[in-house]
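Here are my notes on this model. Please read them with the structure open.

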Amino acid sequence: MKKISIIIATFLTLQAAAQKTTSSTWEIEIDPLAYAFFKGYSGHVSYNTKNMKYDAGFYGLEVPPSVHGNEGFTEKVKGFGFKTSYLLGNVKGLYTGLGVGYTTTEARHQATSTIATGNSVGVGAHLGYRLFLQKEKDGTRKGLYIAPWVSVDYNMHLQKVKFENMHYKQSNWGFFPTVHIGYRF
């Protein structure tokens, strides 16, 4: 009985301490543009302290030829990444940070159905803004938010996408604008 009492008292003490520290919490996010326009998916989980956000996510989408620049080819990318952001407005407002990700690219030549794949690691900087859809309660922001953001990345191709007797170009630089919808617990 003593052990149970000690465990319960320890748990309640930790729980009370956690209640006082309202500046750290968890969030989840998705990229609705990936689902709606690019036949893809996106999911992110992040842990937040007062001014810092640590994010881990996965994604996949079909990239239009107007973006990848290779007419006559379809391109699918999938991967995962990690981002660290500094929140200038404590929780809401402007934020900026750095990220790293691993991407697999599958390109298909439409006329011959030939497929080639490649892998790359990207490192870059991002800038965004978070707008909460609910009013502040008890001095903290929680609930749904919208976060438009943009990143510029340098991609190191570990394995380039290569086709025999066909030209396929891959840029080392990437520009990625999007909007995330998230929920702060």
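**Notes on the predicted model**

1. Start with one side-chain pair. Arginine 184 and glutamate 27 are joined through their side chains by a polar contact of 3.0 Å. Keep in mind that this is a predicted model.

2. Where does arginine 184 sit? Arginine 184 lies in strand S8, which covers residues 173-184. Is arginine 184 buried or exposed? Its relative accessibility is 2%, and buried means under 20%, so arginine 184 counts as buried.

3. Now the overall build. The protein chain holds 3 helices and 8 strands. Read from the N terminus, the order is α-β-α-β-β-α-β-β-β-β-β.

4. Next, packing and surface. Of the 185 residues in the protein chain, 36% are buried. Take the contacts between residues at least 6 apart in sequence: 57% of them join residues at least 24 apart. The accessible surface of the chain is about 11500 Å². Carbon and sulfur atoms account for 64% of that surface.

5. Finally, confidence. The chain has an average pLDDT of 89, and 88% of the residues score at least 70. Where pLDDT is low, predicted coordinates should not be read in detail.

Terms used:
Residues are numbered from 1 along each chain as its sequence is written. This is a predicted model: local features need pLDDT of at least 70, side-chain atom pairs count only at pLDDT 80 or more; totals for chains, interfaces and linings use all residues. Side-chain values use heavy atoms; hydrogens and water are left out. Helices (H or I, at least four residues) and strands (E, at least two) are DSSP runs, numbered from the N terminus. Buried means under 20% relative accessible area, exposed over 50%, partly exposed in between (1.4 Å probe, protein chains only). Contact means heavy atoms within 4.5 Å. Accessible areas come from the Shrake-Rupley method with a 1.4 Å probe; for residues, only the protein chains shown count as cover. A polar contact is a pair of N or O atoms within 3.5 Å; within protein, one must be able to donate a hydrogen and the other to accept it, and residues adjacent in sequence count only if both atoms are side-chain atoms. pLDDT is the predictor's confidence in each residue, from 0 to 100.
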